[in-house]
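Colleague: I am new to this structure. Could you take me through some of its strands and helices?

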Amino acid sequence: MVLDKLGTSLKAALSKIANALFVDDTLINELTREIQRALLQSDVNVQLVSDLTKSIKARAKETSRLTKKEQLINIVYEELTNFLGKEPKEIKLPTKIMLIGLFGNGKTTTAGKLAKFYKKRGNKVALIQTDTWRPAAYEQLKQLAAQVGVDFYGIKNEKDPVNIYNSAKLSNYDVVIIDTAGRDALSADLIKELNNINNVMKADERILVMAADLGQAAQKQAETFHKTVNVTSVIITKLDGTAKGGGALTACAITKAPVAFIGIGEKIDEFEQFNPKRFVSRLLGMGDIETLLEKAKESITEEKAEDLGKRFLKGEFNLLDLYDQMQAMSKMGSLSKLAEMIPGFSQLKIPKELLGVQEEKLKKWRFAMDSMTKQELEEPECITGKRVERIASGSGLKVQDVRELLKQYAQAKKMGKMLKGG
Ligand code: GDP
Ligand code: MG
């Protein structure tokens, strides 16, 4: 997949939200730090990354109908989408498209891809080769036109692109695509040539074709082309071949040259319209996001944790409550988050066993509790030696397991009392 490393890192950052108990400043800071790291690695501009982070942090404080976790995941998704230009670039038909760009960025290949894109949608398409610099360019585009099955115009050995354009009969097409010559760098000479062609053809779209491996340098290139030849949009090619594509994608979105298409391979079909929302959904794996949101809902809510904490403090709990609480803690991963919410809690020396409750143990306790009477559950103090043995044999556990549960309960109760007293 395109930019899969970026996708993986962003997904990892988001799953932190789902697994966390609370959305607090610590979590938001951690999340934004990870998003920053992921974006910087894909070569997104530092200033942009910093703006995005600020935006996420500011919006995280907004109130919303969603739970805080859902809201946060949503904010990240929306901000990333904004970052890429939000709405897809629209090209109205009929249209004349002039492809411009430096040597080797993929103009000619892209001309073929675009022709196929529009032909498949039932449009009448013409390809014109005006690159008079590279002798092979004529044959390259002619072959692509034949492969796609669209009309081709060009004059072998003609030196003036304007003559080539003028000789083509273009009145009957929905889409006319003009391939142009490149240079190693944007020279005054290239600017003049492009402007000369454009003066006669009056292109509706002047599309800059730029390779993704330029990374952040793409922004500068897009800006210079934009200033000199008035670029209307950009096609980023070779997104398949680099982890740095985040640079070109985001940089172009913020210049006044939005990304219209992306090239994701050498083959003629490896090309697609660029849709920021769809791109982010795929990058983050929308299926994965939904799973995350589900998980965020499933884990214990802040309200429930708070309630448990309060009852715990009052010493108003029986074995069933303890079990609930243990289960909640095992979902949270630790007691420390709960402790943070309750004043005074952190000063207590909490027994190690209470801090980390394993699934296995919880299961055993569940069995033990199923073998208890109502009275035993509500007043565990009444469970003496004989009863312990009965519960153990009834639940298929060792006496020791049942004792451990009772010890846990006694400890918790003691802690509750200490807190109440203190
Ligand atoms: P031009 O000089 O701008 O016309 O560039 P070309 O169209 O001749 O392409 C230069 C090279 O880039 C060729 O080898 C293409 O196959 C390759 N290329 C173009 N687009 C893509 C793309 O999206 N992905 C990959 N991997 N290669 C591409
Ligand atoms: Mg070419």
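Modeller: Two strands count as paired if DSSP finds at least two bridges between them. Bear in mind that this is a predicted model.

Colleague: Which residue of β4 is the bridge partner of Q129?

Modeller: Strand β2, residues 125-129, runs parallel to β4, and five bridges join them. Q129 belongs to that pairing, and its partner in β4 is D179.

Colleague: Which residue in β4 does T95 stand opposite?

Modeller: Strand β1 covers residues 95-100 and pairs with β4 in the parallel sense, over five bridges. Within β4, the residue opposite T95 is V175.

Colleague: How many of the five residues of β4 are buried?

Modeller: In a regular strand, side chains alternate between the two faces of the sheet. V175, I177 and D179 point one way from β4, V176 and I178 point the other way, and all are buried. Strand β4, residues 175-179, is therefore largely enclosed by the rest of the structure, its buried residues numbering five of the five.

Colleague: Within what arc do the buried residues of α3 fall, seen down its axis?

Modeller: The buried residues of α3 are L48, V49, L52, T53, I56, R59 and A60. They line one face of the helix, because seen down the axis they fall within an arc of 140°.

Colleague: Which residues are exposed on the other side of α3?

Modeller: The buried residues of α3 are covered by elements including α2 (25-41), α4 (68-83) and α10 (245-254). On the other side of α3, the exposed residues are V46, K54 and A58.

Colleague: How far apart are the end C-alpha atoms of α3?

Modeller: Helix α3 has 15 residues, 46-60, and at 1.5 Å a residue it should span 21 Å. The distance between its end C-alpha atoms agrees with this: 21 Å.

Notes:
Residues are numbered from 1 along each chain as its sequence is written. Chains are lettered from A and ligands numbered from 1 in the order in which they are written. This is a predicted model: local features need pLDDT of at least 70, side-chain atom pairs count only at pLDDT 80 or more; totals for chains, interfaces and linings use all residues. Side-chain values use heavy atoms; hydrogens and water are left out. Buried means under 20% relative accessible area, exposed over 50%, partly exposed in between (1.4 Å probe, protein chains only). Helices (H or I, at least four residues) and strands (E, at least two) are DSSP runs, numbered from the N terminus. The expected span of a helix is 1.5 Å times one less than its number of residues. The arc is that of the directions from the helix axis to the C-beta atoms. Contact means heavy atoms within 4.5 Å.
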